[in-house]
Amino acid sequence: MAEFTSAVYQNEFLPDGGTDVNAIVTITCSGAGSAGRTGSGDAGEIVVVDTSGSMGVANMNAAKQAAMIALDNILDGTYFAVVAGNHKAYLAYPMVQTGAGMVRMDSRTRAEARRAISFFRAEGGTAMGTWLNLCKALFASIPGGLAQKHVILLTDGENHNETAAQLDNAIANCAGDFQVDARGVGVDWKVAEIRKIAQAMLGTVDIIGDPGQMSTVFAELMRNSMARGVANAELRVWIPQGAQVMFIRQVSPTVEDLTHRGTPVNQLTMSYPTGAWADEERDYHVAVRLAAKSVGQEQLAARVQLAVGTDLLTQGLVKAKWSSDTNLTAQINPEVAHYTGQAELAQVIQEGLAAKAVGDEATATTKLGRAVQLATESGNAEATSKLRKVVDIADARTGTVKLKKAVDKVDEMALDTASTKTTRIRG
Amino acid sequence: MTEPEWPLLPAPDPAEPTAAAVPTPEVAAPEVADAPVGPTCPSCGRPIDPAAWFCEACGSPLVPTAPTPAAPAPGPDAPSAQTRRLGVRASEQARCSACGGTIGSDGYCQTCGAKAPSPRDHFSASPADWVGGVCDRGVQHYRNEDALALWADGDRAVLVVCDGVSTSVDSDVAALAGAERARDVLAGRAALGQDASDEVLAQALAEAVAQANQAVIGTTAADSTNAASATFAAAVVVGNRVHYANLGDSRVYLLGPAQRLLLSLDDSMAQAFIAEGMPRAEAEALPRAHAITKWLGRDAVDTTPRTGVQEVTGPGWVLVCSDGLWNYASGPDELAAQLDAALATTSDPVAAAQLLVEWANAQGGHDNVTVALARVPAPTDGATGAPGTAVSLGAAAGPDEAAGPEEKESPTHG
């Protein structure tokens, strides 16, 4: 069984009349094992390949190879299926018309699936909502259900053959049921559209600028998924009666706002989905508003717990101690300060690129300048180097920048997809 | 039961070998090759632990066919408090004094989050009916770093107060360890039948300070960059003699109608100014008045206590306290007035100490408050000093500190 531990980083001291408590809670998982092999139930993997006409021969061939390599990285015994998607969704493998729509991986099924993939041809449009809905039905077709469900989704274009509402409905239908890591190849897809899918489905989004990288990316995605031996963990946050959650966000490895994704466990506890876990660390920023107490009082501001099923596996305590000692109360915890900056960094990059896209150069310059400043201050080298391809930096310290005249679309999309990645302040 | 009808990918070209030509695998039944040898769940067919009450896969209830394996004894690798499974039996659940909710195993209310008072926040001790004390968190500090340790037998008593320095780490643990170690050393040397001469007890006090220092250092983490530290004040009562020692600014008073004395002398900035002629009230109001110049702990420079002995000439009380009390009544006359007010309603030393603590908290409770009291002269054969014979301090008759106790340096640090 996996072991979870937690650590809380905060300044517990509040000044007289202070109400707002901020803390970073680090949750660490070790001994996670492999997907589907920890006795908690079977794992299922679906590889969804965009086979729309726009893929063309080169991208289609690269995608076929990448999908096959993804299959090679699925552990034997894992349930799997391959879906081909254009304006419709097709079950490419297993070739069954009824019953269980997924089979266990072994050398025979792997070879058959590779063969099925080899027949893919690029034609038709794009309707990603239907792809997601088919995945949900396939996962649900396994008798007894699967404990862990994961999809790798590849696309190259906009969701032309569905309305935004249709896609939103499909996302709402599937959210919480399985996880999706989404990758866009080329520059004709919409980062916001794919990010919406990945965020709701507790996965990641990234651009594959060069089709030649596709196989490497798919192999890594599948290996990462297979290393997640803890199927479905949830973050539970208890706050005292009368208190209020200002926000809850994951801040490492990426920024994801969880505030409005909670479901109540009881009157004082909300549960936030975190998906499957490998051996890894994740940081959460919890901000709670309390009724002020008198100096000298101490109280608990939040219990931050990680639960799998009904088992609480670890708990971090966020505290509040009111003090008249300004040496204690004036300090801002370095972890809290760092991740507050990283969350703002993600926001200003996205807002800056959105402003640039609609021709609002003044806003874009201000926002991206602030992003340069934040990335430099926090030592976020990846963000700094990606920003450098979109703006000319006059003074990183003050955030003085000029928008580049000619920007490669790939660089702009890479900056956008990477905007939520954060650096850690510790080791 | 409705089966989904899967939308199969259309065959690419009739001329090419079609996907349908690939034999369709049988997928309906679970693979036989993987069939487990052990017991399986009657509901879902997956392997189960013979001792399990529920199937791990589908959750169906099971009847165990093997006894539950005994939990392994906790070893060095046992989970820490941080990672241990949470949850507490109903019988162990306490009620929150603030809202009536249940106190969780983490020590906080499950409803309002109030911190459950820890036994460390407020405790009292009463080893005999003529000796008692109270140690309290006060109002403004969130932790009680004061410590109290008492002992009494026959006509002999030991009173020790330590005040952990709040800027150091774990000083609450260190102060209590130090006070209790000193109490044990002194109780051993002052026990009935032992030679309780002035020389022996002066030596015992010096040894108690050295041992308390070791206890404080013993609670300090090796890598602590802010070593725990504490003050020290102790009184040993033997019949009508009071032996005392102190380091830092915790104090020993002798308060009675005949004698009103501050026996101890602070090791503090304020005292340094008083020694140079500044009036006490003015010196104790200085911003750095409370900076102490001697303390117990790993970073202590000088742990030589100031020791002394005072003969008791009439009925009264020995009072040992932390600055949480004397901050509000420093001079012996002022403090005697507060003690007298407490004794007007009770003759019990614990109850009187509690009243003094409450009085200090009513003045603001800016610091932890500790008060230890022993009625003097000590009862002989446990017959004197019976409850009800409260000693009123009456009008001030005795001289103030000017009368001065005999003072001497510890013999071990000549």
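Of the 414 residues of chain B, 44% count as buried, where buried is defined as having 20 or more other C-beta atoms, placed from the backbone, within 10 Å of the residue's own. The model is predicted, so local features need pLDDT of at least 70 and side-chain atom pairs count only at pLDDT 80 or more, while totals for chains, interfaces and linings use all residues. Residues are numbered from 1 along each chain as its sequence is written, and chains are lettered from A in the order in which they are written.

Chain B has seven helices and 16 strands, which are DSSP runs of at least four residues (H or I) and at least two residues (E) respectively, numbered from the N terminus. Which strand of chain B is largely enclosed by the rest of the structure? That strand is S15 (residues 369-376), because eight of its eight residues are buried. In a regular strand the side chains alternate between the two faces of the sheet. Both faces of S15(B) are covered, with Val369(B), Val371(B), Leu373(B) and Arg375(B) buried on one side and Thr370(B), Ala372(B), Ala374(B) and Val376(B) buried on the other.

| Strand | Sense and bridges with S15(B) | A bridge pair |
|---|---|---|
| S4(B), residues 131-136 | antiparallel, six bridges | Cys135(B) and Thr370(B) |
| S14(B), residues 316-321 | antiparallel, six bridges | Cys321(B) and Val371(B) |

Technical notes
Buried ≥ 20, exposed ≤ 12 C-beta atoms within 10 Å, placed from the backbone. Pairing = 2+ DSSP bridges.
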